[in-house]
Amino acid sequence: MKNKNLKVIVCILVLQFSGAILKAQNNNTSMKELYRPQIHFSPKAHWINDPNGMVYSKGIYHLFFQYHPFSTIWGPMHWGHTTSKDMIHWKDEPIAIYPDSIGTIFSGSAIVDKNNTSGFGKNGIAPLVAIFTQHNMDGEKAGINTYQNQSLAFSNDEGKTWTKYEGNPVLKNPGIKDFRDPKVMWYEAKQKWIMTLATADKITFYSSANLKDWTKESDFGKTLGAHGGVWECPDLITIDDNGKPQWVLIVNINPGAPNGGSGTQYFIGDFDGKNFTTAQTDTRWLDYGPDNYAGVTWSNTGKRKILLGWMSNWLYANQVPTETWRNAMTIPRELNIKHVGKNIYVTALPINELKKLEIKPIVFNNIIVNKSLKLAGKVGKISMPCKINLTVDATNDFSFIINNTVGDTLVIGFDKKQNQFYIDRTKAGKADFNKDFTGRHYGPRLATTNKINLSLIFDASSVELFADDGLSVMTSIYFPAKPYDQIQINCKNKLNLSTLKFANLKSIW
Ligand code: FRU
């Protein structure tokens, strides 16, 4: 009798406890933690890395991502899934693709197969097709080289459910250890699919008429660009350059980025359906900061090219001090082309949709800063997330000092002599989780104009810097003990701010 009562009490307690957890989740309390991004996508719980399978279809932007549903540490990868109407607000979707006997689900892409070339379509409706790497952990342990192969899955209900193709894998490994991250695009001129694949220290292009049978076209890059690590997550796109398409090849690399660890380089060139060629001799980076990796673009967005990156770095991604979840994505960025002298660069700017989050933006013109200016004195209370836009003379050093009440300090600045922007997180908060985390990171100024336009987007634990219409970009994460709530602009003598715009931003959760 006593025992039975006890069981009932335990049962009630368990039910109440799980009810409380559910309620907490529904109230989204976990989405308001200290380090939780308020304007960036992050998972409610557990581990994420690369954005995958980004495709736009019927008014919905799909974002899949490398996901470990049982841990905050990288492990057997699944494709998590979230959807959005504006790439800013996100709706949770069930896990889309699970590991199977061929392997876990590594990075890859998704397309709308408009002409049903794959035959996966039903009732005249175009299927969504996902093309991804399957990573066989047993094969890896056994020391064979062929444990990464490319597979397909398709969806006939706009991404809600996915069926793996029975003929998987569709592209077998020829004996290259790192053979992964297929990004597939439709090559209109020759009416065929092109797969851009990272094959160790180079890119290999394949083509197919039906997404199932692939033929090797060519290799690119073995002796070009940065080679401090393995090439991963490539993307071949065209970006409109005054009415003419400019071919761009994006190649992620880890390690070997300009500020250590993971980074994203790109090549300006030409593609003829078989070969990618470039005259570029220097190495160019889409983001010079430490925390934008594995970025690729959404497919099926027409002329608009939107890149999303993983806002972390393999140097410390598994150790950052968040408890129930790990890692977030960057703000989606619109890519454009800009000519500076004889050089052609890719620029990246936050998508326009972000403006929706601005709360009563305040604009000033022609402010002269005498040595220093406390922003709160001009704009009132400062809280995260927020956004600052300004136009400033490029003739002198200046910096932003971002503080909280317990003395954590983030410094962002421009070093005129070195012609570099920098973000210094040495004293920005918790950093003891990894020896490579702290430091001052530099990114070159590529523009030659005498005014800099600068946009800084702050979230609870990140800043994204866009200078000169997106020619110089840097992303950095940090972990202050308390939210930052003070911003001061410093300069040597006088600084002319021709425009200054400040806005607190609404949380997306
Ligand atoms: C890049 C990457 C990819 C791979 C995935 C595994 O961050 O290493 O090359 O597919 O992550 O999670």
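Thr 297 belongs to strand β18, which spans residues 293-297. The model described in this report is a predicted one. With a relative accessible area of 1%, Thr 297 counts as buried, because a residue is called buried when this value is under 20%.

The side chain of Thr 297 forms a polar contact of 2.7 Å with the side chain of Asp 235. Leaving aside residues up to four places away in sequence, Thr 297 touches Met 54, Lys 183, Asp 235, Ile 237, Ile 250, Ile 306, Leu 307 and Leu 335.

## The ligand site

The residues that surround the ligand are Asn 49, Asp 50, Gln 66, Trp 74, Met 77, Phe 106, Ser 107, Arg 180, Asp 181, Glu 232, Tyr 293 and Trp 314.

For Asn 49, a polar side-chain atom lies 3.0 Å from a ligand oxygen. For Arg 180, the corresponding distance to an oxygen atom of the ligand is 2.7 Å. In the side chain of Glu 232, an N or O atom is 2.9 Å from an oxygen atom of the ligand.

## A four-stranded antiparallel sheet

An open sheet is built from four strands in the order β9-β10-β11-β12, with antiparallel pairing. Strands β9 (179-187) and β12 (215-220) form the edges; each has a single partner strand, so one side of each lacks a neighbour in the sheet. On average, and with direction ignored, neighbouring strands are turned by 25° against each other.

Seven bridges connect β9 and β10 in the antiparallel sense, and Lys 183 is found opposite Thr 196 in β10. These two strands form a hairpin with four residues between them, and Gln 191 in its turn has a positive phi of about 50°. Strands β10 and β11 also run antiparallel, joined by six bridges, and Leu 197 faces Thr 204 in β11. Here the hairpin has three residues between the strands, with Ala 200 in the turn showing a positive phi of about 65°.

## The enclosed strand β10

Strand β10 covers residues 192-199, and eight of its eight residues are buried, so the strand is largely enclosed by the rest of the structure.

In a regular strand, side chains alternate between the two faces of the sheet. In β10, Lys 192, Ile 194, Thr 196 and Ala 198 point one way, while Trp 193, Met 195, Leu 197 and Thr 199 point the other way; residues of both groups are buried.

Nonpolar side chains tend to be buried together in soluble globular proteins. The largest nonpolar core of this model has 58 residues, and those with the most contacts inside it are Ile 388, Phe 400, Leu 410, Ile 412, Phe 458 and Ile 487. Strand β32 (residues 486-505) makes the greatest contribution to this core, with seven residues. A second, separate core has 53 residues, including Tyr 67, Ile 239, Trp 298 and Ile 306.

Within the largest core, Ile 412 is one of the residues with the most contacts. When residues up to four places away in sequence are not counted, Ile 412 touches Phe 398, Ser 399, Phe 400, Ile 402, Tyr 422, Ile 423, Leu 456, Phe 458, Val 463 and Leu 465. Ile 306, listed in the second core, is also among the residues that Thr 297 touches.

Technical notes:
Residues are numbered from 1 along each chain as its sequence is written. This is a predicted model: local features need pLDDT of at least 70, side-chain atom pairs count only at pLDDT 80 or more; totals for chains, interfaces and linings use all residues. Side-chain values use heavy atoms; hydrogens and water are left out. A nonpolar core is a set of buried Ala, Val, Leu, Ile, Met, Phe, Trp, Tyr and Cys residues joined through side-chain atoms within 4.5 Å. Buried means under 20% relative accessible area, exposed over 50%, partly exposed in between (1.4 Å probe, protein chains only). Contact means heavy atoms within 4.5 Å. Two strands pair if DSSP finds at least two bridges between them. Axes are lines fitted to C-alpha atoms, for helices over the stretch in contact, and angles run from 0 to 180 degrees between N-to-C directions. A residue is near a molecule or strand if one of its heavy atoms lies within 4 Å of it. A polar contact is a pair of N or O atoms within 3.5 Å; within protein, one must be able to donate a hydrogen and the other to accept it, and residues adjacent in sequence count only if both atoms are side-chain atoms.
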